[in-house]
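Dear colleague,

I am handing over the structure below, together with an account of what was found in it. Please read the notes alongside the sequence and the coordinates.

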Amino acid sequence: MMGKGLRRGGFFGLTLLGLRHGGFPAMIAFSLGASLLFSFPYGIWRTARYFNLPFSEVLLGWSRPALRLALWMGLIGLLVAWLGVGWTARVKLLLGGTALG
């Protein structure tokens with residue numbers, strides 16, 4: 001079994017390789033990935049431990065509204081990005097800001 005440090009180091013190495021080819025969007029994607037892979041589970045585990053609750057209750061019960069919001073915002077963001085193909089960055093920003101509030 002790989003240690004935590006080795007997993008994080010491997011992810012960091014993949015990030016460096018991805019940044020060479022993907023630029024800023026890749027940096028955002030890797031940042032989100034790292035948060036979901038490392039920080040999110042740790043936060044759920046610590047919260048469950050602090051309140052003496054099952055991990056599944058905190059993950060599925062407490063996090064459900066936030067995860068639902070993230071899903072809807074992601075879908076709306078993808079729709080706006082798809083509709084905005086070929087538009088200027090200013091128009092995309094205005095449309096995205098309006099749609100996502």
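Helices here are DSSP runs of H or I of at least four residues, numbered from the N terminus. Please bear in mind throughout that this is a predicted model.

**Helix α1**

Y42 and W45 both belong to helix α1, where three residues, or about one turn of the helix, separate them. An α-helix has 3.6 residues a turn, so residues three or four places apart point the same way. Three aromatic pairs are found in a search of the whole structure. Y42 and W45 make a tilted aromatic pair, with 5.8 Å from centre to centre and 40° between the planes. W45 counts as partly exposed, because its relative accessibility is 40%, and the range for that class runs between 20% and 50%.

F30 is also placed in helix α1. Its relative accessible area is 22%, so F30 is partly exposed. Beyond its neighbours within four places in sequence, F30 is in contact with F11, L14, T15 and G18. For one of these residues, T15, the C-alpha atom is 6.2 Å from that of F30, although 15 residues separate the two in sequence.

**The loop between α1 and α2**

Helix α1 covers residues 4-50 and helix α2 covers 55-62, and L53 sits in the loop between them. N52 and P54 lie in this loop as well.

- N52 has a positive phi of about 55° although it is not a glycine. With 71% relative accessibility, N52 counts as exposed.
- L53 counts as partly exposed, at 26% relative accessibility. Setting aside neighbours within four places in sequence, L53 is in contact with A48, V58 and W62. The C-alpha atoms of L53 and L78 are separated by 35 Å, and the two residues are 25 residues apart along the chain.
- P54 is partly exposed, its relative accessible area being 43%. Between P54 and I44, ten residues apart along the chain, the C-alpha separation is 9.9 Å.

W62, one of the contacts of L53, also forms one aromatic cluster with Y50 and F51.

**The loop between α2 and α3**

S63 is found in the loop between α2 and α3. Is S63 buried or exposed? S63 has a relative accessible area of 10%, so it is buried, the limit for that class being under 20%. Apart from neighbours within four places in sequence, S63 is in contact with F40, I44 and V58. V58 is also among the contacts of L53.

L71, for instance, has its place in helix α3.

**Helix α4**

Helix α4 comprises twelve residues, 89-100. At 1.5 Å a residue, helix α4 should span 16 Å, and its end C-alpha atoms are 16 Å apart, which agrees. The expected value is 1.5 Å times one less than the number of residues. Just after α4 comes G101, with a positive phi of about 70°.

With kind regards

Definitions and conventions:
Residues are numbered from 1 along each chain as its sequence is written. This is a predicted model: local features need pLDDT of at least 70, side-chain atom pairs count only at pLDDT 80 or more; totals for chains, interfaces and linings use all residues. Side-chain values use heavy atoms; hydrogens and water are left out. Helices (H or I, at least four residues) and strands (E, at least two) are DSSP runs, numbered from the N terminus. Buried means under 20% relative accessible area, exposed over 50%, partly exposed in between (1.4 Å probe, protein chains only). Contact means heavy atoms within 4.5 Å. Rings of Phe, Tyr and Trp (its six-membered ring) pair if their centres lie within 6.5 Å; planes under 30 degrees apart count as stacked, over 60 as edge-to-face and the rest as tilted.
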